[in-house]
Every structure is written in C-alpha cells, then in structure tokens.
Amino acid sequence: MSQSLESYLFLSAALFSIGVYGLLARRNLVAILISLELILNSASINFLAFNKFCLADKAVGQVFAVFVIALAAAEVCIGLSLILLLYRKRGSINVDEAGELKG
Amino acid sequence: MSLADLVFIGIAAVTILGALMAVSFKNVFYNALSLILCLFGVACLFIYLNSEFLAIMEVIIYIGAIAVAIIFAIMLSRPMARETEKLEAAKISRSFVIAAFLFAGLCLTLHRTVWHAASPEGDYSMRMIGKALLGWGILPFEAVSLVLLVAIIGALLLAAGKERSS
Amino acid sequence: MDLALLWTIQAAPLLAFLVIQLLPGGLKKAAPLVAVGGALAAALSSLRLLWLHLDGGSLPAVFAVNWLDVADAPLWAHTQIPHYSLSVGFLVDPLNLLMITLVTVIALFVHVFSAYYMADDASRARYFGFLSFFAFSMTGLVLSSNLLQTFLFWELVGLTSYLLIGFWYEKKSAGDAARKAFVLNRLGDLGFYLGTILLFILFGSLDFVDLRADVLRQAFAPAVLTTLGLLVFTGVMGKSAQFPFHAWLPDAMEGPTPVSALIHSATMVAAGVFLLARGWGLFSASVTTLQVILVIGSLTAFVGASLATVQRDIKKIMAYSTVSQLGFMVMAMGAGAPVAGMFHLSTHACFKSLLFLTAGAFIHHFHTNDIWEIARGGGKKDKLAMAVLTLGLLSLCAVPPFSGFFSKDMILEALKEHSLFFYGVGLFVSFLTNYYSFRMLFVLLFSKEAAGRAAAKPHAPAAHGHDAHAHVAHGASDAAHAETGLLKFCRALPLVSLALLSLYVGALGTPLFHNALLHWLGGAEIESHLDLSIVAVTMTLFAAGVALAWFQFRDPEAAEKRLESSANPVKLLLDRKFFVDDAYVFLVKGVGLRLAALLNWIDKKAFNGILVDRTSYAILGLGKLGSKLQSGQLQDYLSLAMAVGVLILFFVINSGGVHLAVGG
C-alpha cells in the first residue's frame, strides 16, 4: 500500500478537501491561513508522489516541492502581517467583518 | 500487510486527523497546534516518498518557521488565543457539501485515470536537487528568491509602517 | 469630351449652390449672377452635348462605375443577371438628351426671369441657392444610369420642391402647402422605393439599359411585373401629381412664381412622365400596368381640367391646367405611345413655363393673383405679356400651328387607336382646356380698367395674395416700378425666348422638319401623319370651347357676379375640388388619428405596459438577485468559485474524462 501512487494521491485529495472546507467555513483569518497551508501541503505530496512513481528524473518533483515550501513561507509572511494590520485597525480578524467589497 | 504498510496507515491517519483538527477546533490556538501534528505526518510521508531532504525541510521550515510564526501571531494579538469562534450552520453545511463533492470528484478522477508508471528506483540525492536547482531550474529559483525578498520587505513595511503612524 | 460635358452639366449648378452658400454677407447681391452663371454653363454644355450627338450615333452611351457588388450568385431563381451589383454613372441616350436640354435651357430662362422677379426680396440669396440646388438635383435625376440613382435625385428634387414651396415660410399657408407636397410625395415615393428594392432583389440589376420588356417578360410572371410596375408608378403619381395625389400641386403655387414655372410645371412634375419613358421596359412589360396608367392619367386629366374652369387665381388655373396636361402625358404613356408623351412633355414644358412666367410678370406688377383684379388693374396694357400669354394659351389649346397642337394630336391619335372611350375622354378634356384658357383670356381682355388702383383692393375670396407677400416693401401705392434696363431685359428675354422656343419645339415634330424630334426619340418608324378626322374634331371642339367662353365671359363683371351668386351641385363639386381634400382630411382625421389613438393605446398598454415595463422589472429583479451574490463576503465568492469548479470537474469526468498522461 505504501508503494502505490493511488494511496498518496488519495491522501492528498483528502488533505486538499479538508483544506477547502476550512477555507470556506472558518471565519478566523488565521484559521483560513492554516487551511491554506493544508492545501499547499497536499500539492507537495502530489509532487513527490508523482516524482517517485511516474518520473524518471527524481530531482524534478523535489525541486518543485522546494519551490512550494519557499512560496508558502512567503505567503505566510505576508498573510500574517496583513492579518496583524487588520487586527490593529479593527480589533478583530473575522473575515466576514471585512465586507467592503459588498455590491 | 508489511510493517511498512502498517506504519504508513498510522502516519496517514495521524495526518488526516491533524488536518481535521486543524480546521475544526474553534480555538485558533488549537488549530495551529493541530497543524503542527499534520505537518509532522506529511514530513513522514515524504520519507516514504524517498525525499529525506524535503522531509527535513518540511520540519525545519513548516514546523520550525511557519507554524511558529502563526503561533507568534496568535499570541501577539492577545484576545485571539482565548477567543472561540461562533460558527454559522449555513456556512458550515455549505462548505461541507462543496468539500465533499470536491473530494468525491477527485477520487473519481483518481479512479478513472490511467497512470503511466515509472520505476521508483533512482537518484533522490540532495546533490541532484542542487544540480537541478542551479541547472535547468535556475530561473524559477531566482524568481522564488526574488519573491521571498519582496515578501520580507513587504511584511516589514506593512508591520512597521503602521506602528510609525500610530 | 462627353464625360467632361456631363460633369459640367451635373456640377455647375451644384458649384453655384455652394458658392452662393459661402458668399459673405456683403456679396449676397451677387447670388443671382452666380446662379445664372451656373445655369448658363449647364445649358451650354447640354446644348453642346446635344449637338455632338445630333446624328444619333454612339447612343446610348453609358458612363458608369461599379459601386457595390451585392452578390455573386443570383438571389432569385429566374433572374437573368448573374451578378448583383449596383452602379453609379451617367446614361446618355436621345430621351435623356432631350430632357436634359429642356431642363437646363428652361432653368436658364427661369433663373434669368427670377433675377427680375426676386429683385426686391431680402432673402434672394437663399432663393437662388435653392434654385441652383434644384437644377443640380434635376440634372442628376435625368442623367442617372439606374433606378436607384434616379430615386436618390428624385428625393433631392422633392426636397428642393419642399424648400421652395415653403420659401416664404413665415406665411402659414406656404408652410402648410410645403408640408402637404412633401407628405403626398413621400406616400408616392414609398411605393417607388419598394418597387426599386423588389426589382433589385428579383431581377438583379437596376440599370436602365438592362430593363428591357422582352427580358423582363421572360424572367417574371405577369402578376409580378404588374406589381413592380405599379409600385414604381406610385412614385410617378406622387411626383407628377396624378389623381389622387394631385392635391399638392395647386397648393404648391404658394411658392414664388418662377419656381412654379420651373419646378411645378416644366421640369420636376414632368420627371414622373420622364421616368415612365425612362423605365418604359418595366412598364410596358405588363399590359395591366399600362391599363392602370391609362385610367389614372385620364382621371387626372379630367379632374385637372374641370377644376381649372372655376379658379380665379391665375396661378391656380395654370396649376390645374398642368395637372390636366400631365394626365394627358400619362395617358399617352398608358396608351403605349411614349414618344407622343415625351413630345407633349417637351412642348408643354416650353409653353407652360412661358405661361407661368407671364403670370409671374402680371403678379409682380399688379400684386395680385386674381384674374379679375389683374384685368381691372389694366393687365391688357402690358402688350408683351399679353402677346406671349395668348401664344402660350393657343399652344395649350392645341391650335395649329402652335406647338401643343402637334403633340396633343399625336396623343389623341394614339388614344383613338387604343380605345374609343379614352379618346372621348381626351377630346372632352381638350374641350375643357379650350374653355378655361379662353375664359382667362377673355376676362383679361374684356374687363374694363378700373379708375384707380384703389378699386383693385383684393376682395376677400380672392385674397390669396400669394406673391404679393414678396412686395411688402413696395407698399400698396401705385408708384411705378423703378425698373432698370437690366431688370426689363431680365423680364423680356425669357418671355420672348421661351415663346420662340415653344414654337420651334412643336415644329420639330412636324413633317416640315421631317419629324426630327420624333425620329430621334423613337426611331425611324414613327410618323406623325395628320389625321384629318382628328383635326376636324379638335377644331370643332376648339370653336365650341371658345364660343362657350365667349358667351359667358365677354362681360367679365357680369360673369363675376353671376359666379358669386349661382349655386348648383356641379359648382359645389368643383369648388370643393371633387372632395379630394375632404377625403384626405377624413382619412387623416377620421381614420388616421383614430388608428393612431388605438395604436397609442396598444403601445402604452401592451408594448410599454407589459413588454417593456415587465421586462424592466424582471431585469431589475434579476439584478437584485444578482446583487445578493455580491455580499462582499470573501468566502461567499470562494464558495461560488469552488462550486463551479466542482461542477466543471464532474462535467469533465462524465464526458469521458481527460486521459491524463502523467509521466511516461
């Protein structure tokens, strides 16, 4: 089982769906950020799984996983500072209270 | 069923459990802690995928930097750590349905697709990763480093600029 | 050479118009000069063109360029023309050349006469601008090589006609008359336009050279040909004032008299008859069309002539006379004798413009349109005007050897060959023509001159005072016109020239000149053999008409009193103009307005109320529904996007899926 591609892909699909659920359901911006991290990790798992079972050059998938981790770091970096800014401004980090886009 | 498989199932269960807790606890502090659990499981999976280097990176960067940064942010905004979120039933159910259908769709796709397998044997070493990063991957590598730089400067600006004005 | 001349004819009046429009205020006085210059250039060019082609060689000549390719393949199964295309250009053939010469020469004389007639009018620059523009449009109409181009210029002459009828627009009657002319013409032009479009769709070409009767008969069923011909004929009815569209022409006399001479007698109204000859292939392809044309023409001739017998206004007499003569020409066309019709058009153009200019001379001098008033004012003392008036009237009455005789004789001959009934109508109309002509002449001749101008105060029923308006500056005093030598010349030259011209044109159609005009128009086989029986009948009728007029009007004052007191059904019928105007009023007020009210109701309730309002409410509701999507909540947007994404995912899976070739 640990040697089949499908099990990894299934795992990453579950992780991805859980991430999407959190993204849509949570109000707290930090929790949303955490959900995003789950989604990114599912992508990483996919990269490495395909790297192992489908690619000849075993460096390709790993390189992309490195990029994902680096970009996740950047994303969290910016995301957190934005959340802090919002918190200072409004005293709350609930996403449904930031409703300026209302049409 | 081999020992490796048993351990794999355990790790997968921990990962899923961590992920579920990371989105379902109402207190965001618990969420962050659950995330660490989940990320740890993912790092173990990476080892199963022969990528020891990335497993280490996962632990160092994700758990050591990102998760800690999140916890810092939570602690910095004092009430956030104690606050429990009021969840709306409509929103929850809507998100659940969408996520469930998404999962079903993904599983169906997995099931239907024919994968072209290749031998799992090969050179997974850090040397090859380094060569790839500085060989054909030099352009995305530089781009990512630029993004990181911009992100750091931007984060500093966002965080510091406000304090100066206040 | 030809093309240069054609361009000169076409462009000189337009250039004159533009120059007049651009003249600075101080130079507006030069407008008559510019207009006369343009008309002179056009007239000389057309004479030169006529001279070059007098032997009839190399005719017809077409100078056309392809304008628009509509279709490569026939749009209609039976059509003969493989390529649908529209062209623009000039067509030159004997018919054209005759018409263009007539138009430009008469236009020249009318321009010259206008210089005299409009000398005192403040806005004569506008007048001459319009007149030049009319000359441009009319030459364009005559020279067009195809039906669509003709239609465009046809509309332009309609516009100038409208502008010139309403030239004294501050007078309500003039504005109303202009509108009436415009609307009635539009009604006719609608048919013309429909016919043109249909013809193009069905036949594939609008070029006159392609419209030949035999080709058309091969291509279409008779019913289609009749429809096409009658639709185009509707335009002719509007423009040539055929019954029941004739009502606008008498009212058009609100315009300045030279305009009436040029546009509403000699050229524009004759354009309809010209079009009948121009598109002869189309009209003659269907016997039914010709029959309808003949009936309409005879009705018009009769109505016009009978109404002319009761008018007091000199211009109205001539207007109704024009209606009647146009009817005559159309009758000739309907009887299958286009050459006779065109011949009568030519002679009529000359003598009727002459008559109108004479009327203009009287009106300008006596400030009234009423023949009794003119007579009391001493009209008969104007020897030149009286002489040319008599000449014109004799031509009109078809007395040999004046021009009208030859052309009318030809028409009567054609009618006699065609059917005895219409021959009878023609003869009766001739009789009426004689009667009203000599009625006018006798009133002018035998009235006693009133002692002073005070007696010539216009009395109520006759106070149309059409052109008197132009002379407000003069006041009512009998101060003699300070006519300079130049103005006198401007008055005399056109009268004398047109008189001579009308004699000459008539003579061209006689054996004396070897039937030059007729041969030229219709080929060698056309002869005008004087049918002595017809001549005898017409002469008898002439004598009868003159006698009746003499009997009634040798004492004009008594006749006037008798006219005012008498009342009988015929007089009522004629006074009310056969109730045609009343019919129009009934149609517009009784039927049209009620229909409009009904449509308005339907529009308000059904279209506006249900369709438009409901639609707007529905869209408003949809918008409100849509705006609920725009909650401003990030997660709502995300949910929507995700849901759509999931749907797309399932769709892709269900439709067979993409065969992901990962790795390999």
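Which residues touch the most other members of the largest nonpolar core? In this predicted model, the core holds 199 residues, and C:I106, C:V273, C:M331, C:A332 and C:I411 are those that touch the most other members. Helix 3 of chain C, spanning residues 94-117, gives the most to this core, with 18 residues. Another core, of 81 residues, lies apart from it and includes A:L15, A:A31, B:A12 and B:A22.

Chain C contains 26 helices and two strands. Of its 664 residues, 50% are buried. Among the contacts in chain C with a separation of 6 or more, 80% are between residues 24 or more positions apart. Chain B has seven helices and zero strands, and its pattern along the sequence is α-α-α-α-α-α-α. In chain B, 30% of the 166 residues count as buried, and residues 24 or more positions apart account for 49% of the contacts with a separation of 6 or more.

C:V273 belongs to the buried residues of helix 11 of chain C, together with C:M268, C:V269, C:A270, C:A271, C:G272, C:F274, C:L275, C:L276, C:A277 and C:R278. Because 11 of the 11 residues of this helix (residues 268-278) are buried, helix 11 of chain C is largely enclosed by the rest of the structure. C:M331, when neighbours within four places in sequence are left aside, is in contact with C:L294, C:G297, C:S298, C:A301, C:I411, C:L415, C:F422 and C:G426. C:I411, one of these partners, is also among the core residues that touch the most other members.

Helix 3 of chain C packs against helix 15 of chain C (residues 338-366), with the axes 11 Å apart and at an angle of about 5°. Angles under 35 degrees count as roughly parallel, and the two helices are therefore roughly parallel to each other. From helix 3 of chain C, the residues that take part are C:L95, C:L98, C:L102, C:I106, C:V110, C:F113 and C:Y117; in helix 15 of chain C they meet C:M342, C:S346, C:A349, C:S353, C:L357, C:G360 and C:H364. By class, this contact has 10 nonpolar, four polar and no charged residues.

A second pair in chain C is formed by helix 10 (residues 257-266) and helix 14 (residues 314-334), whose axes come within 11 Å and cross at roughly 5°. Helix 10 of chain C and helix 14 of chain C are therefore likewise roughly parallel to each other. C:T257, C:S260, C:H264 and C:S265 of helix 10 make the contact with C:K315, C:M318, C:A319 and C:T322 of helix 14. The contact of helix 10 of chain C with helix 14 of chain C has two nonpolar, five polar and one charged residues by class.

Between chains A and B, the contact takes 63 residues from chain A and 74 residues from chain B. On the side of chain A that touches chain B, the elements giving two or more residues are helix 1 (5-25), helix 2 (29-53) and helix 3 (59-90) of chain A. Helix 3 of chain A supplies the largest share of that side, 24 residues. By class, the residues of this side of chain A divide into 48 nonpolar, eight polar and seven charged.

Helix 5 of chain B (residues 89-112) has 24 residues and reaches 34 Å from its first C-alpha to its last, close to the 34 Å expected at 1.5 Å a residue. Its buried residues are B:S95, B:I98, B:A99, B:L102, B:G105 and B:L106. The cover over these buried residues includes helix 1 of chain A together with helix 26 (634-654) of chain C.

Most residues other than glycine have a negative phi, and most peptide bonds are trans. The peptide bond from C:F243 to C:P244 is cis, with omega near 0°; C:P244 is placed in the loop between helix 8 (222-239) and helix 9 (248-251) of chain C. Positive phi values in residues other than glycine occur at B:N50, near 65°, and at C:H367, about 55°. B:N50 is found in the loop between helix 2 (28-48) and helix 3 (52-76) of chain B, and counts as partly exposed because it has 18 C-beta neighbours inside 10 Å. C:H367 lies in the loop between helix 15 and helix 16 (371-377) of chain C; with 24 C-beta neighbours inside 10 Å, C:H367 counts as buried.

Note on methods:
Residues are numbered from 1 along each chain as its sequence is written. Chains are lettered from A and ligands numbered from 1 in the order in which they are written. This is a predicted model: local features need pLDDT of at least 70, side-chain atom pairs count only at pLDDT 80 or more; totals for chains, interfaces and linings use all residues. A residue is buried if 20 or more other C-beta atoms lie within 10 Å of its own, exposed if 12 or fewer, and partly exposed in between; C-beta atoms are placed from the backbone. Helices (H or I, at least four residues) and strands (E, at least two) are DSSP runs, numbered from the N terminus. Two residues are in contact if their C-beta atoms, placed from the backbone, lie within 7 Å. A nonpolar core is a set of buried Ala, Val, Leu, Ile, Met, Phe, Trp, Tyr and Cys residues joined through C-beta atoms within 7 Å. Ala, Val, Leu, Ile, Met, Phe, Trp, Tyr, Cys and Pro count as nonpolar, Asp, Glu, Lys and Arg as charged, and the others, Gly among them, as polar. Axes are lines fitted to C-alpha atoms, for helices over the stretch in contact, and angles run from 0 to 180 degrees between N-to-C directions. Angles under 35 degrees count as roughly parallel, over 145 as roughly antiparallel, 65 to 115 as roughly perpendicular and the rest as oblique. The expected span of a helix is 1.5 Å times one less than its number of residues.
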